[in-house]
Structures are given as structure tokens and as C-alpha cells.
Amino acid sequence: AGDLPAFGEAVHEFNRRAGEPFASAQGGPYASREVAELIAEVRKLGVRGVGQSSWGPTVFAVVPDGDTALSLVLRFRSRVPVTVTRVSGGHRVGGGA
């Protein structure tokens, strides 16, 4: 089994750092203040793997299951357009018999 919180934290950190070279042009590591606020709010809910896709303004979240994804959609759909683009059954990395 994997460590979703650690993976999510690594994805978030990489994503934030990837935006730092553009901070002077966009006011921070994300495309806008609204994107940064949404990412922070989702992280406060305990979701670690949250970031901005490419140049934004799309925000993504890596969550453990479809129910968690649906809860985020229901929570934020009145504020921003939200969609679950893919629900995966998970992937196993590494050996094991």
C-alpha cells in the first residue's frame, strides 16, 4: 500500500516550487490570489495533494476515493466550476508477492 499523504505533500510542494519562477509576473506561485486561496482552503480540509495544473486557473486534488472527490465537488461547486475528471482504482508501486 502507498502513503497517500506523503505523496500528496510531495506533489503539492513540487507544484508550488514549479510556480515560484513566475511569482513576479503573477503575484505568487499560482495564477491568481483566488487560486492560492482555494488551494489553501482544500489543504485545510486535510487534502495534501492540491495544486494548480500548468498555468492555471485549474486546481487539482489527489484524494483517496470517489466519495472524497464528491464531497469536494459538493463543497465548492457554488463558488467555482468543479468536475471529477478521473477516479482511479489505485496503483501499486514496488515489489511484493
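Tutor: Start with a definition. On a 1 Å grid over the protein atoms alone, a pocket is an open set of points where a 1.4 Å probe fits, with protein on both sides within 12 Å along at least five of seven lines. A cavity is a set of points where the 1.4 Å probe fits but cannot get out. Lining residues have an atom within 4 Å of a point. Grid points are joined across faces, edges and corners, and the volume is the space filled by probe spheres set on the points.

Now the ground rules. This is a predicted model, with residues numbered from 1 along each chain as its sequence is written. Local features need pLDDT of at least 70 and side-chain atom pairs 80 or more, totals for chains, interfaces and linings use all residues, and side-chain values use heavy atoms, without hydrogens and water.

Student: What share of the 97 residues is buried?

Tutor: Buried means under 20% relative accessible area, exposed means over 50%, and partly exposed lies in between, with a 1.4 Å probe and protein chains only. Buried residues make up 22% of the protein. Of the contacts with a separation of 6 or more, 41% join residues 24 or more positions apart.

Student: How much space lies in the second largest pocket?

Tutor: The general idea first. Rolling a probe the size of a water molecule over the atoms shows where empty space is left. In this model the second largest pocket holds about 160 Å³. Its lining includes Phe14, Phe22, Tyr30, Ser54 and Trp55. Helix α1 (residues 4–19) gives the largest share, 4 residues.

Student: How many lining residues are nonpolar, polar or charged?

Tutor: Ala, Val, Leu, Ile, Met, Phe, Trp, Tyr, Cys and Pro count as nonpolar; Asp, Glu, Lys and Arg as charged; the others, Gly among them, as polar. This lining has 6 nonpolar, 5 polar and no charged residues.

Student: Which residues of α1 are buried?

Tutor: An α-helix has 3.6 residues a turn, so residues three or four places apart point the same way. In α1, the buried residues are Gly8, Val11, His12, Asn15 and Gly19. They cover an arc of only 95° around the axis, which puts them on the same side of α1. The arc is that of the directions from the helix axis to the C-beta atoms. Exposed Phe14 and Arg17 sit on the face turned away from that buried side. The buried residues pack against α2 (23–26), α3, β1 and β2.

Student: Is Arg43 buried or exposed?

Tutor: Arg43 is buried, at 14% relative accessible area. Beyond neighbours within four places in sequence, Arg43 contacts Glu9, His12, Arg48 and Val50. His12, in helix α1, is buried too, at 8%. With residues up to four places away left out, His12 touches Tyr30, Ile39, Arg43, Arg48 and Val50. Compare Glu41 in α3: Glu41 is partly exposed, at 27%.

Student: Where should I look for backbone exceptions?

Tutor: Most residues other than glycine have a negative phi, and most peptide bonds are trans. Ser54 is not a glycine, yet has a positive phi of about 45°. Ser54 lies in the loop between β1 and β2 and is exposed, at 66%. The peptide bond from Gly56 to Pro57 is cis, with omega near 10°. Pro57 is in the loop between β1 (49–52) and β2 (59–62). Just after α3, Gly46 takes a positive phi of about 100°.

Technical notes:
Helix = DSSP H or I, 4+ residues; strand = E, 2+ residues; numbered from the N terminus. Contact = heavy atoms within 4.5 Å.
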